[in-house]
Amino acid sequence: MRTYVAAILADIHVGSMFALWPRGFPDSRGGSYFLNAGQQYLEGIWAEGLKVCPPLDLLLFNGDVIDGEQYHQRKRYLVDPNIECQTDAAEVLLKPWVDKLKPTGALYWTKGTKYHENGGSAWVSTLARRLGAVPDKLGDFTRFWLNLDIDGVKMDMAHRQSFFMRYRSTPLERELDFDITQGELKEGVADLVIRSHVHKFHVVADELRQAVSTPGWQLQTEFAVQSVSPNRIGPRRLGFVLLYITPHKKERGLLPIRIEPVTFPHPRLEVEHASIGKTSGGNAANP
Ligand SMILES: [Fe+2]
Ligand SMILES: [Fe+2]
């Protein structure tokens, strides 16, 4: 009974100061950049993730590999706003994951959001080509929507999903329902729907079908703290998802894919201990 192993990585956001940057990688202005404390933490868990990732039959990059131009924040939180530099840095980071592919394996790649990747979509597609992604029929190395058949097991992958702060099963249930309405257009409904963008791992399953939301690799951003209230949308865990795909199980009426998250904790948030009520001296403002 053949089982294929796949890994899904998404929302890596290379270029963000809250995300990975290759140590020592030069910026586009001829300078060098020192990793901040958060990036050093990410560097460690990225290496740990690579270590535990088994040899792969399938590697899936599901969008927002780069952070893009960040015009809402006037590029304030970018390591480097140059998209060519961001994609070059992403190549250094992603190459060891591509090296996890067996000689018979394949890399597929979807596009991220307009906000993060559209301005650099040609750069991202070029990066996908350089890393050996399978092109679509039009010759694009990144897709908006990937419908993939693996010996009869059908997967439907796209970057975006609706964002619910609570009731996180609901968007995935909706995706499974919407997929039924599209099934006849694409050789049958999906056994697994894969969505990203919300940076949180979650699974919804019934007897025959599953939907998974992937974690990301970006630390809590300024946007996450300021968009509504600081405790709403920041990630608790970071990492990726492994899939064990056994087509023979589907023939027996069983779920054909086992989903295994590989995640690491978000660093603890800073708690400030008030320096008041002490008798030994003054304070910073009035020593
Ligand atoms: Fe993202
Ligand atoms: Fe996204």
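These questions and answers set named features of a predicted model against their definitions. Local features need pLDDT of at least 70 and side-chain atom pairs count only at pLDDT 80 or more, while totals for chains, interfaces and linings use all residues. Residues are numbered from 1 along each chain as its sequence is written.

Q: Why is Ile-259 called partly exposed?
A: Ile-259 has 18 other C-beta atoms within 10 Å. Buried takes 20 or more, exposed 12 or fewer, and partly exposed lies in between, with C-beta atoms placed from the backbone. So Ile-259 is partly exposed.

Q: Which residues is Ile-259 in contact with, leaving aside its neighbours within four places in sequence?
A: They are Val-203, Gln-210, Val-212, Val-241 and Leu-243. Contact means that the C-beta atoms, placed from the backbone, lie within 7 Å. Ile-259 itself lies in strand E10 (residues 257-265); strands are DSSP runs of at least two residues (E), helices of at least four (H or I), numbered from the N terminus.

Q: Why is strand E2 called largely enclosed by the rest of the structure?
A: Six of the seven residues of E2 (residues 56-62) are buried, so the strand is largely enclosed.

Q: What makes E2 and E3 a pair?
A: Six bridges join E2 to E3 (residues 101-110), and the two run parallel. Pairing requires at least two DSSP bridges. Leu-59 has Leu-107 in E3 as its bridge partner.

Q: What makes E2, H2 and E3 a right-handed unit?
A: E2, helix H2 (residues 83-98) and E3 make a right-handed β-α-β unit. Right-handed means that, with the strands pointing away from the viewer, the path from the first strand over the helix to the second runs clockwise.

Terms used:
Chains are lettered from A and ligands numbered from 1 in the order in which they are written. Two residues are in contact if their C-beta atoms, placed from the backbone, lie within 7 Å.
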